[in-house]
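Notebook open, viewer loaded. I want to go through the sheet, the core and the ligand site, in that order.

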Amino acid sequence: MQIRLAAPLQSDSVVDGFGVRTVIWTQGCSHNCPFCHNPETHDFEGGALIDLEEVFNDLDHLKGQDGITLSGGDPLFQIDPVLEIVKYAKKIGLNVWCYTGFTYEQVKELGKKNKKYLEFLKYIDVLVDGKFVNELKDLNLLFRGSSNQRLIDMPKTLKSKKIVLIPESDGIMEKYSKKEKLFI
Ligand code: SF4
């Protein structure tokens, strides 16, 4: 199986979720958010097709990373390969964040037609959901661009069957670090 990526894996990011993370930039998005920061990732024929084995090999050789972050583009336009990637990441002990222009509710709707979307959510630690809305842009927000977007704690959300957000209190960065083992 292959995945279309916009760029090689990018390690050592500290702005795409808690801790030190490797970002997987997927190619392809049709949400068309005005003022999107990554318009070069929209073309579904752009970027490059990469074998999943190559991605897994890259993940195997990561050093000093707390987890991976799926971004783009919108990873959910490639549900088959991203599902395999999140499964593999979990298997080797990485936590997983995913940015998507779909809302959580829309992802669940997609899951009614294709169960892979629901399975995917089980492997996600934090889902950053919703389109970027320029009118709601706020530079003070944690790990997201506009205030409509949410940092959804997926394990707690699935367990309680209601949306649980990551709290944004003082010290939250330290609390959610790998050292504290709040992520698996
Ligand atoms: S979902 Fe993300 S990549 Fe897609 S248009 Fe919106 S901001 Fe850009």
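In which sense do β7 and β8 pair, and over how many bridges? I looked it up in what is a predicted model: β7, residues 126-129, runs antiparallel to β8, with four bridges between them. One bridge I noted in this pair joins Val 128 to Leu 151 in β8.

**The sheet**

Next I traced the strand order. I get an open sheet of six strands, β2-β3-β5-β6-β7-β8, and the pairing is mixed. From one strand to the next, the twist averages 25°.

Then I went to β5. On one side, β5 pairs with β3 in the parallel sense over five bridges, and there I find Trp 25 opposite Ser 71. β5 also pairs with β6, again parallel, over four bridges. In that pairing Thr 69 stands opposite Trp 97 of β6.

Is β5 covered or open? Mostly covered: I count five of its five residues as buried. I checked which way they point. Gly 67, Thr 69 and Ser 71 go one way, Ile 68 and Leu 70 the other, and all are buried.

I followed α2 next, residues 79-91. This helix lies across β3 (21-25), β5 (67-71) and β6 (95-99), and runs at about 150° to β6.

**The core**

Which residues touch the most other members of the largest nonpolar core? The core has 31 residues, and the answer is Ile 24, Val 86, Val 96, Cys 98, Ile 124, Val 126 and Leu 127. Two or more residues each come from β1 (2-5), β3, β5, α2, β6, α4 (116-121), β7 and β8.

Leaving aside neighbours within four places in sequence, its contacts are Gly 67, Ile 68, Val 86, Ala 89, Lys 90, Tyr 123, Ile 124 and Asp 125.

Val 55 sits in α1, residues 52-60. Buried or exposed? Val 55 has 22 C-beta neighbours inside 10 Å, so I list this residue as buried. Beyond four places in sequence, Val 55 contacts Ile 3, Ile 50 and Ile 85.

Thr 157 belongs to α5, residues 154-160. I count 17 C-beta neighbours inside 10 Å, so Thr 157 goes down as partly exposed. Its contacts outside four places in sequence are Ile 152, Lys 162, Ile 163 and Val 164. Thr 157 and Val 126 are 31 residues apart along the chain, and their C-alpha atoms are separated by 9.9 Å.

**The ligand**

Last stop: how many residues surround the ligand? I find 13, and the closest are Cys 29, His 31, Cys 33, Cys 36 and Gly 101. By type, the shell holds four nonpolar, seven polar and two charged residues.

Conventions
Residues are numbered from 1 along each chain as its sequence is written. This is a predicted model: local features need pLDDT of at least 70, side-chain atom pairs count only at pLDDT 80 or more; totals for chains, interfaces and linings use all residues. A residue is near a molecule or strand if its C-beta atom, placed from the backbone, lies within 6 Å of it. Ala, Val, Leu, Ile, Met, Phe, Trp, Tyr, Cys and Pro count as nonpolar, Asp, Glu, Lys and Arg as charged, and the others, Gly among them, as polar. Two strands pair if DSSP finds at least two bridges between them. Axes are lines fitted to C-alpha atoms, for helices over the stretch in contact, and angles run from 0 to 180 degrees between N-to-C directions. Two residues are in contact if their C-beta atoms, placed from the backbone, lie within 7 Å. A residue is buried if 20 or more other C-beta atoms lie within 10 Å of its own, exposed if 12 or fewer, and partly exposed in between; C-beta atoms are placed from the backbone. A nonpolar core is a set of buried Ala, Val, Leu, Ile, Met, Phe, Trp, Tyr and Cys residues joined through C-beta atoms within 7 Å.
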